[in-house]
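Subject: Structure handover

Hello,

Here is the structure I said I would pass on. Please look through it first, then read the notes below.

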Amino acid sequence: MAGSIKQRPNGKYRARYRDEAGREHARHFKGKGEAQRWLDQETARMVTGTYIDPKSRKVTVAEWCDKWIIGYESNRASTVRQARVHLARIRKEFGPLPLAAVKPSDVKAWLARLRKEGRQASYINALHSRLSQIMTDAVHDDLLTSNPCSRRTSPGGGKPRPYVATTEQVWLLYEAFEERYRLSVLLGAFAGLRVGEVCGLRRSDVAFGEREIRPAVQYPAEPLKTEMSRTAIPIPDELVAALPRPRDGGPVTVFAHEGGAQVSTWAIERQMRAVREKIPGLPEGFRFHDLRHYYASLLISKGSDIKTVQHRLRHASAKTTLDTYGHLWPDTEETTRAAVGSAMKGMIQKSADPVRTGDQSVQGPGSSEAD
């Protein structure tokens, strides 16, 4: 880095240097010592790889959020809306600060205050993930040298809420729903559809002959995010019979008001909030999404393996399925003993060699009197 210090006619010292891109930067100081320290600091930043253009160092968190969201608007509307909610909270906490002024300790202190406010763990984790996302992009734009968010600041994933209703509770919910919305309970509990998929489900998405639901869109008519989300779901004859068939001039979606307008997710969620308190044993915060947990538990209780449950729930990975429902698979000491004992018993019966058990000799594999 080429740098120099010259005294101006007014007595101040002008320090200047050129960065690696050839751009010149200059500052004026009262004393030569101050000017030299500034040049030394800038040189050290270049040598250590922590150099940021002085103009970029002034960009605040709020200014970067405004610029960042413009590039993010290529995503679906619902995704952008969620991002805006997160950014509003981030601006409130860090908005006036320059990006580089946000330290890991500041992030941890913020998350601690959110916990004291009683915010849900999943919400806190989502805010941390969003802050990390915009800070990572700031690094890519050469506004920062490092992201203050990391595994050390992470609050950890929010605890899953796999409340599993009983079959009796599911049917009580079905009966409590208004008749025009009852089918939604069946689609959640016996096909595992999310509320957005229920409201977006078109009559043409049901393959009646093949007895399958083929999800393609979510409310109002947005394509599902992943290929796995579009995996066909096998359904029993009872559910096939309950689903309305397409007809000329009829509603496009399975759930529609009398005039044909699509039913919103808000209408289904409102139904759930209105009736859940009437069902004995349901927790206060029971959601429509919890019907999906019932569907998973039903598959597991009938002996479905992890890959089958993953595909029926249309999870992107088996890890997601295990993290949420792993505790529902039977895994006891007696199961282990039975599995290992069965294998040993079969080997012992096939062998004529003795294996000592207590005070008796039993024929076993790989043994001999010489041993």
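The structure holds 15 salt bridges, a salt bridge being a side-chain nitrogen of Lys or Arg within 4 Å of a carboxyl oxygen of Asp or Glu. Side chains of opposite charge can pair when their charged atoms come close.

Before the details, note that this is a predicted model, in which local features need pLDDT of at least 70 and side-chain atom pairs count only at pLDDT 80 or more, while totals for chains, interfaces and linings use all residues. Residues are numbered from 1 along each chain as its sequence is written, and side-chain values use heavy atoms, with hydrogens and water left out.

Overall make-up

The protein chain has 15 helices and 10 strands. Both are DSSP runs numbered from the N terminus: helices are H or I with at least four residues, strands are E with at least two. Of the 371 residues in the protein chain, 36% are buried. Buried means under 20% relative accessible area, exposed means over 50%, and partly exposed is in between (1.4 Å probe, protein chains only). The accessible surface of the chain comes to about 21,800 Å², and 50% of it belongs to carbon and sulfur atoms. Accessible areas come from the Shrake-Rupley method with a 1.4 Å probe; for residues, only the protein chains shown count as cover. Among contacts with a separation of 6 or more, 56% are between residues 24 or more positions apart, where contact means heavy atoms within 4.5 Å.

Salt bridges

Which residues form salt bridges with Glu 197? Arg 194 is one of them, at 2.8 Å from N to O. Arg 314 also forms a salt bridge with Glu 197, and here the closest N and O atoms are 2.9 Å apart. This second pair links distant parts of the chain, 117 residues apart: Arg 314 is in the loop between helix 13 (306–313) and helix 14 (318–325), and Glu 197 is in helix 9 (residues 195–200). Glu 197 counts as buried because its relative accessible area is 4%. Arg 314 is buried too, at 2%, whereas Arg 194 is partly exposed at 25%.

Arg 211 and Asp 237 meet in another salt bridge, at 3.1 Å from N to O. Arg 211 lies in the loop between strand 4 (206–207) and strand 5 (212–213) and Asp 237 lies in helix 10 (residues 237–242), so the pair ties together parts that are 26 residues apart in sequence. Arg 211 is partly exposed at 41%, and Asp 237 is partly exposed at 46%. Elsewhere, salt bridges that share partners join Arg 89, Glu 117 and Arg 119 into one network.

Cysteines

How many disulfides does a search of the whole structure find? The search finds zero, a disulfide being a pair of cysteine sulfur atoms within 2.5 Å. Cys 149 is buried at 6% relative accessibility, and Cys 199 is buried at 0%.

Strands 1 and 2

Strand 1 (residues 3–7) and strand 2 (residues 13–18) run antiparallel and are joined by five bridges; two strands pair if DSSP finds at least two bridges between them. Ile 5 has Ala 15 in strand 2 as its bridge partner. The two strands form a hairpin with five residues between them, and Gly 11 in the turn has a positive phi of about 95°.

Regards
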